Amino acid sequence: MLPEPRRLTRRRLLGGLAALAAASALPPLGTRAAHAEIASRQLPAGNLRLPLVGLGSWITFNVGNDPQLLEACTAVMRAFFEGGGRLIDSSPMYGSSQATIGHALAELDAVEPVYAADKVWTSNPDEGPGQIEASRRHWGVPRFELLQVHNLVAWEAHLETLLAMREAGEVRHVGITTSHGRRHEAIERIMREAPIDFVQLTYNIVDREAERRLLPLARERGIGVIANRPFQQKRLIRRLEDKPLPDWVAETGASNWAQFILKFIVSHPDVTCAIPATTRVDHVRENLAAAREPLPDAALRRRMADYVATL
C-alpha cells in the first residue's frame, strides 16, 4: 500500500493564514509589482526559459476542502505569479495538493502563466494514463507541460507512456524524479540511455552528491534539473536559524538563511529551477527574491558551502 501524505493542520498553517492580510495588497494578477526581475535559465535543449525558483506542493497544499486553508494557498500562488514564478510541481502522492492548485488556478484565472509539472505514481503501469488524466482534471489545465515518473516507480513502462504522449503533443516535456539522494546509479543510467527532458533530484548546500556525476551529466546530455528538498523540509533552516550569517553575506545578495541556501542552489549553472514549498506569502516572496542578481559565482559558492560546513 502506498503511504498517504501528511495533511496540513491549522496550527502548521497559522503563518500562512496570518499572511492573507498582506496578500490583499497584491495588485491584480498580470500587473506585477515594480521590482527587479527574477533570473531565469534556458533549458539545455529547446527555447524555453524558466525562472530559477518554482513552487513545490508536498504537504503544504494538502489542505482538503477547508476554505480558509484553500484561501491561504491561493494567496501563496497569487504572490508566486505576481513575483514572476511559473513552475509549480505536484504529484498524485501529495494528497489534495493537485486539487488545491486547481482551485487556485481557477480563482486567479492563471492557467496561462503556469508551467504545470506533475508526476505519474502507481506501481501498476496500466493505471498510469488514467491517473495522469485524473491529475489533469484536478489542475484544470488543458495539458501538463512536464510529466515525470515519481521516484522511479515502474519507471520503464511509465516512461514509455510519457514519451508516447510527448510524441503525440499531449505533454511538452518528460522526466524522472528521485529524492533524499536515493537511486542515483539508476538515475544516471536512465539519463544516459533515455531521451528525457528533465531530472528532479535533491540538491542543496549540504546535500551535494549530485555535483559529482548527475549535474555534469545533465549538462552533457542537455537535461534540465529541478532541485527538490532545498531546505530538507525545513530541517536545514531550523539547524541554521540561530547561527550567524557570515560577515560577507552581502556578496551573495542574501538577507536571510533561506535566501542564502536558495542562492547557492540556483546559481549552479546546471540547475534549471529549485522548488521550495511554503504556506506563507512573505516566504514565497523571499524565495523568489533569491533568484535576483547578484548570484554567486563558483568561488563564492564554494565559500558558502565551506562556511555552512563549519556550523
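Colleague: What makes you class the lining of the largest cavity as three nonpolar, three polar and one charged residues?

Modeller: This is a predicted model, and the lining consists of L43, P44, A45, H173, D197, G222 and G224. Leu, Pro and Ala count as nonpolar, Asp as charged, and the others, Gly among them, as polar. That gives three nonpolar, three polar and one charged residues.

Colleague: Why is this space called a cavity?

Modeller: It is called a cavity because a 1.4 Å probe fits there but cannot get out. The largest cavity holds about 30 Å³ of space, and a search of the whole structure finds one cavity of 30 Å³ or more.

Colleague: Which residues touch the most other members of the largest nonpolar core?

Modeller: Those are M77 and I265, in a core of 83 residues. Helix 3, residues 67-82, supplies the largest share of this core, with nine residues.

Colleague: How do you know that M77 is in contact with residues such as L55 and F61?

Modeller: Contact means heavy atoms within 4.5 Å. Leaving aside neighbours within four places in sequence, M77 meets that with L55, F61, I88, I101, A104, L105 and L108. There is also a second, separate core of eleven residues, including L43, Y115, A117 and F198.

Colleague: What is the average pLDDT of the chain?

Modeller: The average is 91, on a scale from 0 to 100, and 88% of the residues score at least 70. Over residues 9-27, though, the pLDDT is below 50, and this stretch has 31 contacts beyond near neighbours in sequence in the model. Residues 31-35 also have a pLDDT below 50, with ten such contacts.

Notes
Residues are numbered from 1 along each chain as its sequence is written. This is a predicted model: local features need pLDDT of at least 70, side-chain atom pairs count only at pLDDT 80 or more; totals for chains, interfaces and linings use all residues. Side-chain values use heavy atoms; hydrogens and water are left out. pLDDT is the predictor's confidence in each residue, from 0 to 100. On a 1 Å grid over the protein atoms alone, a cavity is a set of points where a 1.4 Å probe fits but cannot get out, and a pocket is an open set with protein on both sides within 12 Å along at least five of seven lines; lining residues have an atom within 4 Å of a point. Grid points are joined across faces, edges and corners, and a volume is the space filled by probe spheres set on the points. A nonpolar core is a set of buried Ala, Val, Leu, Ile, Met, Phe, Trp, Tyr and Cys residues joined through side-chain atoms within 4.5 Å. Buried means under 20% relative accessible area, exposed over 50%, partly exposed in between (1.4 Å probe, protein chains only). Helices (H or I, at least four residues) and strands (E, at least two) are DSSP runs, numbered from the N terminus.
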